[in-house]
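Welcome! Please have a look at the structure shown here, and keep it open while you read.

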Amino acid sequence: MNGAKFVVLLLIVAAAVFGAALAIGNAYVFFAGYVVLQYIALATAWNILGGYTGYVNFGTAAFFALGAYTTVVLHKLTSLPLPIMMPIGGIVSGIVGLGTGYLTLRLRGSFFSIATLALAVVVQTLITNWDFVGGSRGAYIIRPMTTPLLGIDYIQYLFLVMLGLVVIVVATARAIERSRLGYGFATIRDDEVAAEASGVPTLRLKLLATTLSGAFMGMAGAPLPYYVTYLDPASGFSLAYAVNGVAMPLVGGTSSWLGPIIGAILLGTLQQVATVTISSALNLLIVGLMLVGFVIVAPNGILGLFGLGARRARA
Amino acid sequence: MPGDPLLQVSGLGKRFGGFVALEAIELAVSDGERVGLIGPNGSGKSTLVNCMCGTLRHEMGSVHFAGHTLDGLSAHERTRLGMSRSFQLPRPFNTLSLADNLRIPLLYAGRHGAQPIDERCAELLHMVGLADKATRLPRDLTQIEMRKLELARAMAAAPRLLIADEAMAGLSHHEVDDILALLIRLNEQGVTVILIEHIMRAVMHFSQRLVVLVAGRKIADGDPADVVRDPDVVRAYLGE
Amino acid sequence: MEMSLDLLGNAIVSGLLLGGFYAAVTIGVSISFGMLDIVNIAHPAFIILGSYIAYIANTSFGMDPILASVIALPAFYLLGMGVYQVYHLAFERRGEESLRGLAFFFGLLFITEVTLVLVFGVDYRLVDAPYIGPSLHFGDIELPLRLLVPCLVALVMIGGLQIFMARTFIGRAILAVAQDQLALRLMAANPTRIKRIAFGLSIATASVAGAVLIVIQPVEPSIGRDYIGRVFAICVLGGMGSFAGTVVAAMALGIVENLTATFYGPSWAPAVAFGFLLVTLAVRPAGIFGR
């Protein structure tokens, strides 16, 4: 199926999902659904770098939170609509991704990963010290009373916006996979030295992957302030984003765009259920255990368990 | 400038900490030449290849190729200029099929011309006798088949200069002849070839010029028949 | 701002002592990452674990925290060997160290932190010991025992490890395995066994480092993440496996961090470590081959 047809298919599925949610009529569906969609976007974004090129980003929370806090700043200074704020959040996170990559991607992959871990701590420190966005006390964001689209509540609007982002990110991931770029990414993952010798500009591609991945993560975080209405560093940089960003693609399967979606839906709904029935710390523990378990036992994730783990072998 | 060698290595030096891997290497290769490079294990042959191709950075000296200075250029830029190599220990892309492995240089080295990529892939696989395994993954190959894939991938980059690093190790007499014929045919089509080998009959048959490397230094460079009679070479490498 | 010499002098001295402590925190990573090439980003989690064990021993039994950590050493050693065994079977042997191995250690880091939150909550925990509080005075320079004792303990531990590495067969085998595994095999020593012992030692140091940490500052489960940047920055800057280099780099970081904290405020400390990390990475030899 070519790219355009796939986008149409995604849009149809998205419309169906939205329609089904409306039909159920319960506001909780939109609240919970938003979180799952957000994780699909986050996991797919992570996978563009981690799954396709093999470079592991542990600082998902930083890129995500930068998008959220860009919205806070823009909300205080302007009255831009959300669909404009999202790309701006994406640009901020993308630039940070580019910067981190530029400083560390010439070296071994593990140095990049360590740097992303340290980055998460530093960005959190900087935001916590920045009074304009509320510092450690947090910021209150008033949800607008009306939505740009007639007839739906604001939470439904947020759901729709996130649905749109998911369509964009998934379509992009799939398009990359099937393109010349995707081949280039795969060679970086398989054998970077041989890739260079074959003419692949590995540094340039890695920077592209890092920037794109970071930008999408920022866009996934941008609507968050309107969703939670009160944003403080503890929730913006929550451990949940740190671990889920890595666990969802690894559990679902990193070799294709489908893996992160499976992982996000599975772990996302699991956590929504667990947060309500047991404590939220305990449900994070379950995610952590699943991450370690899958990485040891099923390295290609759920896709791998169904024999879809290896890349397509085309003639 | 016309008349300049295609490849000019001048005063090349490379150290690993305190260990001197290469010292004051001078090498000139003319367009269309067939050069053999021999020497004992550990003499620095692969290090020299790595430095020429950009996989390693050399500390001293310089490398000129096709009118360009290669110093400071990354490996992929050198490949794009027309220098290609096969690795001594094959390094295939393990999650890609054989055909896809060959597709990579065709997509990225920017040198294959107007021929459709799929067609060129099939042609190359056929040339090395792997056409029936086009959709397989590298892990399904024997060691020998992996060497052939490695060579085919280097050829896919449509190089002006191909450096074959022990591409024939472990092959049967017949297979060595096949690869040799392949390399000679490539050369007749205009590709300059540097052959690094231990199989002396292949080296002697193939080389118009023979270079000998021992302990990081070049000790001989010239007509193959003269070089193999050189007492230093005999003592250091050929034995009796 | 006023740059009083006293303030500067004290900041530097405290920074030096802090650096000794940072060396203890890092020495485990110098072994696991510097010598064995295992990217154990979960090391800070083991340190925090050590802190909590020292805390329990101190509050429940009134035991000195550092003494408790020494008693706990064998347990940590065994834990380290166990973790290495899993890592080796699941990743090293399959040759898939990078992505999966990193994710494994990240998972361990995460699981440890969350488990500690579940058991102890997010409140800060402290220990009580006779050397927390009093200081030695040399003129205008103050040497808090709270920093001095950990620094001395750290240096003793590192010194002991250095002697072990240089003088015993196993120690030298560990140094050898870092250089050339094939040669080791030819010497009829099993590299896997040597690495397991080395990793066990690496985690054992976390026990002492943890006790020393909770002496210096109150501890809660998430502060492990603050140390990741510091630890790897020191390890890389100190020349990977070199113990002496680790100590020097740790003291340098301690001084710079403390000066920043004294004159610009303590909340900037993680940023200093990160800056150090970026600088050390920028100064590293370039290239994928590089080490």
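The report below walks through parts of this structure.

## Before we start

This is a predicted model, in which local features need pLDDT of at least 70, side-chain atom pairs count only at pLDDT 80 or more, and totals for chains, interfaces and linings use all residues. Residues are numbered from 1 along each chain as its sequence is written, while chains are lettered from A and ligands numbered from 1 in the order in which they are written.

## Two domains in chain B

Let us begin with chain B, which is divided into domain 1 (1–82 + 162–240) and domain 2 (90–158); the bounds come from an automatic or database domain assignment. Taken over C-alpha atoms, the centres of domain 1 and domain 2 of chain B are separated by 23 Å. In contact with each other are 12 residues of domain 1 of chain B and 12 residues of domain 2 of chain B (contact: C-beta atoms, placed from the backbone, lie within 7 Å).

On the domain 1 side, helix 2 (75–81), strand 7 and helix 6 of chain B each give two or more residues. Helix 6 of chain B gives the most, with four residues. Helices (H or I, at least four residues) and strands (E, at least two) are DSSP runs, numbered from the N terminus.

## A strand wrapped on both sides

Which residues cover the two faces of strand 8 of chain B? Thr192(B), Ile194(B) and Ile196(B) lie on one side, Val193(B) and Leu195(B) on the other, and all are buried. Here buried means that 20 or more other C-beta atoms lie within 10 Å of a residue's own (12 or fewer is exposed, in between is partly exposed), with C-beta atoms placed from the backbone. Because five of the five residues of strand 8 (residues 192–196) of chain B are buried, this strand is largely enclosed by the rest of the structure.

Strand 8 of chain B runs parallel to strand 3 (residues 34–38) of chain B, joined by four bridges (strands pair if DSSP finds at least two bridges between them). In this pairing, Gly36(B) stands opposite Leu195(B). Five bridges link strand 8 of chain B to strand 7 (residues 161–165) of chain B, again in parallel, and Ile163(B) has Ile194(B) as its bridge partner. From strand 7 of chain B the chain passes through helix 6 (residues 173–188) to strand 8 in a right-handed β-α-β crossover (with the strands pointing away from the viewer, the path from the first strand over the helix to the second runs clockwise).

## An open sheet in chain B

Four strands of chain B form an open antiparallel sheet in the order 2-1-4-5. Strand 2 (19–29) and strand 5 (68–69) of chain B stand at the edges with a single partner strand each, so one side of each has no neighbour in the sheet. Two bridges join strand 5 of chain B to strand 4 (residues 60–65) of chain B, and Phe65(B) stands opposite His68(B).

## Where chains A and C meet

How many residues of chain A are in contact with chain C? There are 37 from chain A, in contact with 36 residues of chain C. Helix 4 (82–104), helix 5 (109–128), helix 8 (192–197), helix 12 (239–252) and helix 14 (280–297) of chain A each supply at least two residues of the chain A side. Helix 5 of chain A has the largest share, 12 residues.

Key:
Two residues are in contact if their C-beta atoms, placed from the backbone, lie within 7 Å.
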